[in-house]
Every structure is written in C-alpha cells, then in structure tokens.
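My notes follow in the order I worked.

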Amino acid sequence: MRSQFLEAIETAESWLDQLKGGPGLSPTCPLGDHHIKALLSACDQEEINTLIETADYARKVFMGNQVHLRGIIEFSNHCARNCWYCGLRRDNTCLRRYRMPLRDIVAAAREGAKLGFKTIVLQSGDDLWYSASMIRQMVESIKQEVDVAITLSIGEREFSEYEEMRAAGADRFLLKHETADPDLYARLHPGMTLDGRVERLKYLHRLGFQVGSGNIVGLPGQTIDVLARDICLMRDLDVEMAGIGPFIPHPATPLAGYPPGDMMTVLKVLATCRIVMPWAHLPATTACGTLDPNGRQKALRAGANVIMPDITPAEYKALYEIYPGKNRVDIDAARGYQLAVEMIISLGREVGQGYGHSSRHRPAPAA
Ligand code: SAH
C-alpha cells in the first residue's frame, strides 16, 4: 500500500509537470489539506530528502536559478502591540527605543541601491507615531532618489492608511499571519485577532500590493495540523510571498522559557510551501540563519529563492532585537551584500536581476 506521503508527492509531481506549460495556466492546486499534512509529516530521512528534492525542483522550474536580494531597513523599534514572542513588545521596558530620521532612512536606501539592491524593505514595530502621510513621504523620498521597489512591513493599520501608502508607490506589503490557529493567535497577540489580520491581507491584495504573509514555526502549542492550516491559508489567500522562520525565544517576553523551533520542521514547512505555491517568493529568513549557522543555505536548497540582508545603520541595528542574536552589528550593508552574493554563488545559483517582482505582479500606481 502506498503511504499517504508518497501519494501526496505523486500528486504534487504530476501537478508540477502539468504546470510546466506556463504560469498562465494557473490551474487550482490539487493538493488537498490532507496532502499538505502528509508532506509535513515526512519523518524518515528518505521521505525528508524526497520532499526537499521535489521542492528544489519546483523552485528551479518556476522561479529559476536567481536568488533575489532585498535590503531591509528597520526604521523604528517602537511598538504599540504586546506580542508574546517579540522583543519589541510594548511591555519590554529594557529596550532603548529609536526612530531613524527620514534623512538617515533615505541615505540607507541610497547606499543599498548603490550596492545593487533592487528592493528596499521598510520594516518597523507597529509604530502608530508615523501617520500614513509620513510613510507616504518616506516612500516618495526614496523613490525620487533611487530606482528600487519598496516593500512595507509596518504592521496593522486602518484600510484607508494602506490606500495612501499604495498611492505613494509602495509596491509590496509584508504582514505575516504568524499562526492560522485563531485561539493561539488570540493568546499570543493580546487585543488582536486572526480575522483582523486576514482581512487586512485580503484588503492589501485588493489594493494591488504584492502581498507577503508567513508564519513562525515552533510556537508553543503549535501542531502539524496548525502548520498545515498555515500553508492552506497562504494558498487560499494566494500570497505572492511567504516568510517562514523558526521561533527564537526572547528573554524579555512571556515565552522566554520555551524552546526554539527546530530547523528540520522549518525546512519541511518551507519545502511544502514551495510545492503548494510554486510561484511564491520564499525567503531564506534571517531567523533560519540565527538558529543554525547554515540555516539560510539549507533553506535555499529546500525551496527558498530570496535573501533579505539587514542594511540598517549600525547605531540602530542592535536595538531592533525581535529575538536575540538577530542582527550582526559587525556586518555592515556592503559586507552583508557581499556575504549574500558569496552564499548564492557557492550554491551554484545566480544573483537576481531586476526588481524581483512576483510573476503575477500588478504595477504600483504612478507616485
Ligand atoms: N510590526 C510588523 C513587523 C514585525 S517584525 C508586523 O507586525 O508585521 C517581523 C517579524 O518578526 C514578525 O512578523 C514575526 O514573525 C517575527 N518575529 C518576532 N519575534 C520573533 C521571535 N521571537 N522569533 C521568531 N520570529 C519573530
């Protein structure tokens, strides 16, 4: 009798073969929720290798050999939320808070563009001190000076605020759903709901942003079922990008005493995501590299096709501590770019050319 795992792999392989006709075909993914769970349940080394090889094949066929580089500027570590896992949480009074002046943000973007980044990601805590028009000004100031795509990752806002940011020319929005279990979501995010998060992701899509979501792997109370629901949710939302990384405990949070997520589970989630959403951009996340010195290389071999080096100036970088060990202050933007390029070449891949938009991207309205 064929195992459920093998049946899922065979379904995936025949679907991927049909799709090779071109993304224009875009038939519905035949992998049901039970297939996704079977892939995530790969347990012996042979099954895990098969899963990862299938994901790597899907990545090669649908995304090619290019690895896209996105430079992240973490422009504020103030946060109005109190997420249980995050070092930026409001109640963490030990953290010195900062907001980068606009001129420093633009200078960092300029330097990033000079190094070769074609996308700048502007990330912050949920810092409501910034009005939508201040974010608009940030996006416009960068776009006036440098030719880059811009991703915003600034958390939950009113719908009208997202509209203003999109009108300013922001191309993409990254808002991880974190976990698709509504109860776990509510426990970990006081005052917030999974529904609220999902509504925002849908609205961002309607506005024409290329939308990124993602989860944290290894949260306390998370099961394989929940991880399968994470992937089903992202498939159903038809996200253009999925950021998948391990949980890393932060000592100044209520989850300080919990163990970190494990790399193998992260790789299984990543590989399954690549198979289910073959055209999605999947970063080899910084958290993978923090958990395991070779974590990003492993992720790039298991379906990932994006690296997001941190290009925040050194004076702020150490303070954006969502989890310990995240940011290497000794690695500046130029070195971070160089290390990423070396990693890409050492894996026999190529540095992405162009903006690295989603293959189904809608252009940003004129600023
Ligand atoms: N305020 C923005 C950006 C948050 S920081 C927003 O809500 O979208 C970016 C990501 O860091 C979060 O989405 C979360 O997935 C991740 N993160 C935070 N704390 C973490 C931890 N302890 N371990 C792993 N990932 C973490």
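**Asp 230.** I looked up Asp 230 and found it in helix H9, which spans residues 224-237. The model is a predicted one, so I read every value as computed. I then listed contacts, setting aside neighbours within four places in sequence. Asp 230 touches His 177, Thr 179, Ala 180, Asn 215 and Gln 222.

**Two positive phi values.** I checked Glu 178 next. Glu 178 is not a glycine, yet its phi is positive, about 70 degrees. Glu 178 sits in the loop between strand E4 (172-174) and helix H7 (182-188). Its relative accessibility is 10%, so I put Glu 178 down as buried.

I also noted Asp 238, another residue other than glycine with a positive phi, near 55 degrees. Asp 238 lies in the loop between H9 and strand E6 (241-246). With a relative accessible area of 36%, Asp 238 is partly exposed.

**Helix H2.** Which residues of helix H2 (residues 33-40) are buried? I wrote down His 35, Ile 36, Ala 38, Leu 39 and Leu 40. These buried residues pack against helix H1 (4-19), helix H3 (45-63), H9 and helix H10 (263-276).

**Phe 159.** Phe 159 is in helix H6, residues 159-167. I have Phe 159 as partly exposed because its relative accessible area is 30%. Leaving out neighbours within four places in sequence, I found Phe 159 in contact with Glu 199, Arg 200 and Tyr 203.

**Largest pocket.** I finished with the largest pocket, which holds about 490 Å³ of space. How many residues line the largest pocket? I have 19 in the lining. Thr 286, Arg 296, Lys 326, Arg 328 and Ile 331 lie nearest the centre. Helix H11 (286-291), helix H12 (295-300) and helix H14 (333-346) are the elements that each give two or more residues to the lining. H14 gives the largest share, four residues. By type, I sorted the lining into seven nonpolar, seven polar and five charged residues.

Terms used. Residues are numbered from 1 along each chain as its sequence is written. This is a predicted model: local features need pLDDT of at least 70, side-chain atom pairs count only at pLDDT 80 or more; totals for chains, interfaces and linings use all residues. Side-chain values use heavy atoms; hydrogens and water are left out. Contact means heavy atoms within 4.5 Å. On a 1 Å grid over the protein atoms alone, a cavity is a set of points where a 1.4 Å probe fits but cannot get out, and a pocket is an open set with protein on both sides within 12 Å along at least five of seven lines; lining residues have an atom within 4 Å of a point. Grid points are joined across faces, edges and corners, and a volume is the space filled by probe spheres set on the points. Ala, Val, Leu, Ile, Met, Phe, Trp, Tyr, Cys and Pro count as nonpolar, Asp, Glu, Lys and Arg as charged, and the others, Gly among them, as polar. Buried means under 20% relative accessible area, exposed over 50%, partly exposed in between (1.4 Å probe, protein chains only).
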